[in-house]
Structure formats: structure tokens, C-alpha cells
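Terms are given with their cut-offs where they first come up.

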Amino acid sequence: MRKGERPQVGRLTTHVLDTAHGRPGAGVSVRLFALADGRDLVAEAVTNADGRTNEPLLDENDFRPGPYELEFAIGAYFDAIGVAAGEPPFLDDVVVRVQLCDNQHYHVPLLVTPWSYSTYRGS
């Protein structure tokens, strides 16, 4: 580590982009589950006007390496903004499974339309 640099700490952040409408996905409920010993809910949040959660889903105090699932309530989001996505909606809860390691910042964006989604490891 160079002088003046902070040590890297483990954390997990996310945001949602509504690519069908070219805007952030505001008001999306996000739940995070740890999968190491079953499926345990460890965090819940709702995305803000910028499509991001106000706080990291995991920060340096509660970060633990291991498998996790992020669950995004996409069907409810499109229903709330008045977008017909079929009955039942084609996408409902979108689940993204990730494996987190020590001392890294993981950013997991979700790009969505009523009919598709993609994700990647962001920065």
C-alpha cells in the first residue's frame, strides 16, 4: 500500500438501471441473502432516485466472504411505474448469485427492461 492510500475493505453495493426508459430504476426493493449456511436474509434496501441504495448492502463491519444472492423486485417496479409486462409479468424477482472474497469492493449493477436483464461486476 502506498503512502496516503486507505486499505481496501470488503463491501457490496448495487444499482438498477431501467434501460427500457433510459433512467435509473428508482424504488426497486432489493434483498441480500447469505448462502453459506442456508439462505439467510442479511440486508434489505430500496433504490433511491439515482437507482442506488443509500448505503452499501454489506460494509466493512458486516462483510463476510462467501456466496450471496441479490434479489431485485423487478416485476413490482414495472407494475408501480405503470408498465405492462404481461400477466403474470415475464420478469418478477430477478436473482443474481455472486461469490464474494476478502477485502474487495463489489458493485453489482442490474440493467433491466420488462423482458430482459443483464448484470456485471462494476467498479
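Strand S1 (residues 11-18) and S2 pair in the antiparallel sense over 2 bridges. Here strands (E, at least two residues) and helices (H or I, at least four residues) are DSSP runs numbered from the N terminus, and two strands pair if DSSP finds at least two bridges between them. Asp18 has Arg23 in S2 as its bridge partner. This is a predicted model, in which local features need pLDDT of at least 70 and side-chain atom pairs count only at pLDDT 80 or more, while totals for chains, interfaces and linings use all residues. Residues are numbered from 1 along each chain as its sequence is written, and side-chain values use heavy atoms, with hydrogens and water left out.

**Sheets**

Strands of a sheet pair through backbone hydrogen bonds, either parallel or antiparallel. S1 and S2 belong to an open sheet of 4 strands with the order S2-S1-S7-S8 and mixed pairing. Its edge strands are S2 (23-24) and S8 (117-119), each of which pairs on one side only.

Another open sheet of 4 strands runs in the order S4-S3-S5-S6, and its pairing is antiparallel. The edge strands in this case are S4 and S6 (93-100), each pairing on one side only. From one strand to the next the twist averages 20 degrees; axes are lines fitted to C-alpha atoms (for helices over the stretch in contact), and angles run from 0 to 180 degrees between N-to-C directions.

Within this sheet, S3 (residues 29-34) is joined to S4 (residues 40-46) by 6 bridges, the two strands running antiparallel. Ser29 stands opposite Val46 in S4. S3 and S4 form a hairpin with 5 residues between them, and Gly38 in the turn has a positive phi of about 105 degrees. S3 is also joined to S5 (residues 66-73), by 5 bridges and again in the antiparallel sense. In that pairing, Ala34 has Tyr68 in S5 as its bridge partner.

**Core and buried positions**

In soluble globular proteins, nonpolar side chains tend to be buried together. The largest nonpolar core has 25 residues, of which Leu12, Leu32, Leu70, Phe72, Ile74, Leu100 and Leu110 touch the most other members. A nonpolar core is a set of buried Ala, Val, Leu, Ile, Met, Phe, Trp, Tyr and Cys residues joined through side-chain atoms within 4.5 Å. Buried means under 20% relative accessible area, exposed over 50%, and partly exposed in between (1.4 Å probe, protein chains only). Two or more residues of the core come from each of S1, S3, S5, helix H1 (74-80), S6 and S7 (105-112).

Leaving aside neighbours within four places in sequence, Phe72 is in contact (heavy atoms within 4.5 Å) with residues including Thr14, Val16, Val30, Val94, Val108 and Leu110.

His15 is placed in strand S1 and counts as buried at 7% relative accessibility. Its side chain makes a polar contact with the side chain of His107 (2.7 Å). A polar contact is a pair of N or O atoms within 3.5 Å; within protein, one must be able to donate a hydrogen and the other to accept it, and residues adjacent in sequence count only if both atoms are side-chain atoms. Not counting residues up to four places away in sequence, His15 touches Gly51, Arg52, His107, Val108, Pro109 and Leu110.

**Salt bridges**

Side chains of opposite charge can pair when their charged atoms come close. A salt bridge is a side-chain nitrogen of Lys or Arg within 4 Å of a carboxyl oxygen of Asp or Glu. By this rule the count is 5; the table lists some of them.

| Salt bridge | N to O distance |
|---|---|
| Arg39 and Glu71 | 3.0 Å |
| Asp50 and Arg52 | 3.1 Å |
| Glu69 and Arg97 | 2.6 Å |

Glu69 lies in S5 and Arg97 in S6, so the pair ties together parts that are 28 residues apart in sequence. Glu69 is buried, with a relative accessible area of 8%, whereas Arg97 counts as exposed at 61%. Salt bridges that share partners join Arg31, Arg39, Glu69, Glu71 and Arg97 into one network.

Of the other listed residues, Arg39 is partly exposed at 41%, and Glu71 counts as buried at 11%. Asp50 counts as partly exposed at 43% relative accessibility, as does Arg52 at 35%.
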